[in-house]
Amino acid sequence: MAKSASSSPIPDPIQAGLASGWKVIDASTLVADREVEADVAIIGTGAGGGVTAEILALAGLKVVLVEEGPLKSSKDFKMHEAEAYPELYQESAARKTRDKAINILQGRNVGGSTTVNWTSSFRTPGDTLSYWQKNFGLNDYSAESLSPWFTMMEQRLHIGAWAAAPNENNDLLRRGAAQLGIPAAAIQRNVKACWNLGYCGMGCPTNAKQSMLVTTIPSALARGATLFTRTRADKLLFTGDKVHGLSCVALNERGLAPTGHRIHVRAKHYVVAGGAINSPALLLRSGAPDPQHLLGKRTFLHPTVISAALHDKKVDAYAGAPQTIYSDHFLQTQAIDGAIGYKLEAPPLHPLLFASTMSGFGVQHAAMMKQFAHTHALLALLRDGFHDESCGGTVSLQDDGSPVLDYPISAFVWDGVRRALLSMAEIQFAAGAKAVYPVHEEADGYSSWNAARKAINALAYEPLKTRVVSAHVMGGCTMSDDPKQGIVSSRGRYHELANLSVHDGSLFPTSIGANPQLSIYGITAKLASGLATDLTGKPPPSLPLL
Amino acid sequence: MASIVARPTRRTFLKAGFFGTLALMAAGSIYRIARPESPPGFVMHPQARSALSAIAPVMLGNAIAETPVDIDKAVSLVDDAISGLPLRTQQEIQNLFALLTLGPSRRFLVGIPDDWPRAKPEDIAAFLQDWRHSRFALMQSAYHALHDLIIGPWYADASSWASVGYPGPLKELS
């Protein structure tokens, strides 16, 4: 793995910012403990932490950001899976549920998952918000009242229609759905001058993706914020009903082991934004008050299943904008609190993720790999959290303090998995597939819809047999103004502690039913603006436009 | 000597599965009691290397030319991939290799009567299928670990790309 010095012809805003004097401390290089004081300490630099940092810095507050991962930038983004996954993802992109049956993709770097996501941008669906209003008392979370916040973040992050034609991988979803009369539509993306390369998941090499890494975080740093990287938030310290400190451990260069040095942060206010799994884990590790035992509960995944299909024509699913077409048909054709629904999308295929996702081994697996360029893939994201038999998973701590998610898949959810595999196979055959491979240890390739339907209906739906993945972890710090239902208020304030907020996807009382990035941007923009006013007594700042 | 050890039947596998599960759990808990924090990273001992050298070609099928150079490459790609995982996971993988390489567990749990270098590919394939379809979650997840750790890094390596029709990323930016 040759690490070339900057050979990229693309200007790198992070390197320029560092040269201009940004306050960034890579904790792996510390030779002694450090103490730092600020108005606000923000833990995590993903969608929630990034948005919060910019708004608070614009409000004139002194901000310290704490990030467990490294600061990487376009000069480092070489589009190689073997380098990108260990550097940019939690647990080398191999984080798993306790039973190891669900593989979880979450970012771990400055920018969090926004650095490595596939740019799909959806506002929180109206029916999800209605469910929250009705069941969690979140009265001011209507599509109308959130609309200005979504608009603000759409403008800030250049979210809009993607003008180029979908790549073949996405167009097969469009064509197959159209054959069956299933509505499909275009996905909005947060990109600016995108090269249509297809490597969003390994960090954008051209800075086209308007992630937190190239937008809000540089903006906060330019306004004097301090950023600690390779710094794991270990424990919040409490006195009475207040947080009086945050104790962090410095991690070594690979981010695997503590160096032995600590960073002590003292602030007037603390914002937890480590993402679902890590945010509830920090609060659990700290012994945060949790009288109703809600912390870490109701953690949702959009459990995701995959169907691959072979075509005579090349698909080249690695090339071009990764996700540009979707269908919500199977979310919209039934009640949100009825049988579980699912969203359909077409994921990019790259050799490592594809090879490890496809089941089997030996000559059979090798034969599948030979067809890599001719393979189309669909995925179905199941909308969990809207039914008594879909109450999500639970984050708890292992003996070393690291978090682990238990996510039992109920019969109710497995039923959705089976229906999703059927829907995807039918669409793939309608799009002209010559064989369809539901990703399941007991499944084979099927050459007709009829054969596939029979086989999918007969498969055993069990953990470790059906390949289930997730790139959307949500919940675990449920938001509700009723302290019996949630540990954080509708204003993002931790009920039991006066100067603690949670600003990330862990707030969501259910899954979103869509890729969550814009939901996190819009909702945390609203929360951070409220917090800015609370802390300064002034109206919230307006965001810079691109 | 080896010839008198009967090839394990499906039945002994199931029994072994149960004891193996206990063995893995015991190894894990002894380990956790002994070292509550910061476990050491995975070390590719010679025994683990010889097990992987035997398993990798069976896992990869005809995607790998079975020369010593290719097999060494497959093993070192696995080693690199493990080195990026959390230390806790590295320790779990160390336990898995202990199980694969200790004589009794190799014989009765894995079903490989002789040392790994003398293991027959069909016996290795049978062991992988048995673990893959085991009714014990620990064996299934151990199979998945071997699958992902051998297959993922192999195809992530640029030397395999041409064989699957993947041109790799734009050279000007990579």
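## Salt bridges between the chains

A salt bridge is counted here when a side-chain nitrogen of Lys or Arg lies within 4 Å of a carboxyl oxygen of Asp or Glu. In this predicted model, the side chains of A:Asp400 and B:Arg88 form such a pair, with an N to O distance of 3.0 Å. Between chain B and chain A the count is five salt bridges, and 13 residue pairs across the interface are in polar contact, both residues of each pair being at pLDDT 80 or more.

## Extent and make-up of the interface

The interface brings 47 residues of chain B into contact with 50 residues of chain A, and the area buried between the two chains is about 4000 Å², of which carbon and sulfur atoms give 59%. Of the area that chain B buries against chain A, B:Arg88, B:Tyr166 and B:Leu173 supply 17%, more than any other three residues.

On the side of chain B that touches chain A, the elements giving two or more residues are α2 (46–60), α4 (87–101), α6 (121–132), α7 and α8 (161–164) of chain B. The largest share, twelve residues, comes from α7(B). Sorted by class, this side of chain B has 23 nonpolar, 18 polar and six charged residues.

## A helix pair across the interface

Helix α7 (residues 137–156) of chain B also pairs with helix α11 (residues 362–370) of chain A, their axes coming within 13 Å and crossing at roughly 35°. The crossing of α11(A) and α7(B) is right-handed. From α11(A), the residues A:His365, A:Ala366 and A:Met369 meet B:His147, B:Ile151 and B:Tyr155 of α7(B); the residues of this contact divide into four nonpolar, two polar and no charged.

## Salt bridges in the whole structure

Side chains of opposite charge can pair when their charged atoms come close. Over all chains, a search of the whole structure finds 32 salt bridges. One of them, within chain A, joins the side chains of A:Asp26 and A:Arg230, with an N to O distance of 2.6 Å. Because A:Asp26 lies in strand β1 (residues 23–26) of chain A, and A:Arg230 in the loop between β10 (226–229) and β11 (231–239) of chain A, this pair ties together parts that are 204 residues apart in sequence.

Key: Residues are numbered from 1 along each chain as its sequence is written. Chains are lettered from A and ligands numbered from 1 in the order in which they are written. This is a predicted model: local features need pLDDT of at least 70, side-chain atom pairs count only at pLDDT 80 or more; totals for chains, interfaces and linings use all residues. Side-chain values use heavy atoms; hydrogens and water are left out. Axes are lines fitted to C-alpha atoms, for helices over the stretch in contact, and angles run from 0 to 180 degrees between N-to-C directions. Helices (H or I, at least four residues) and strands (E, at least two) are DSSP runs, numbered from the N terminus. A crossing is left-handed if the near helix is turned anticlockwise from the far one by less than a right angle, and right-handed if clockwise. Contact means heavy atoms within 4.5 Å. Ala, Val, Leu, Ile, Met, Phe, Trp, Tyr, Cys and Pro count as nonpolar, Asp, Glu, Lys and Arg as charged, and the others, Gly among them, as polar. Buried area is the accessible area (1.4 Å probe) that two parts lose on being put together, summed over both. A polar contact is a pair of N or O atoms within 3.5 Å; within protein, one must be able to donate a hydrogen and the other to accept it, and residues adjacent in sequence count only if both atoms are side-chain atoms.
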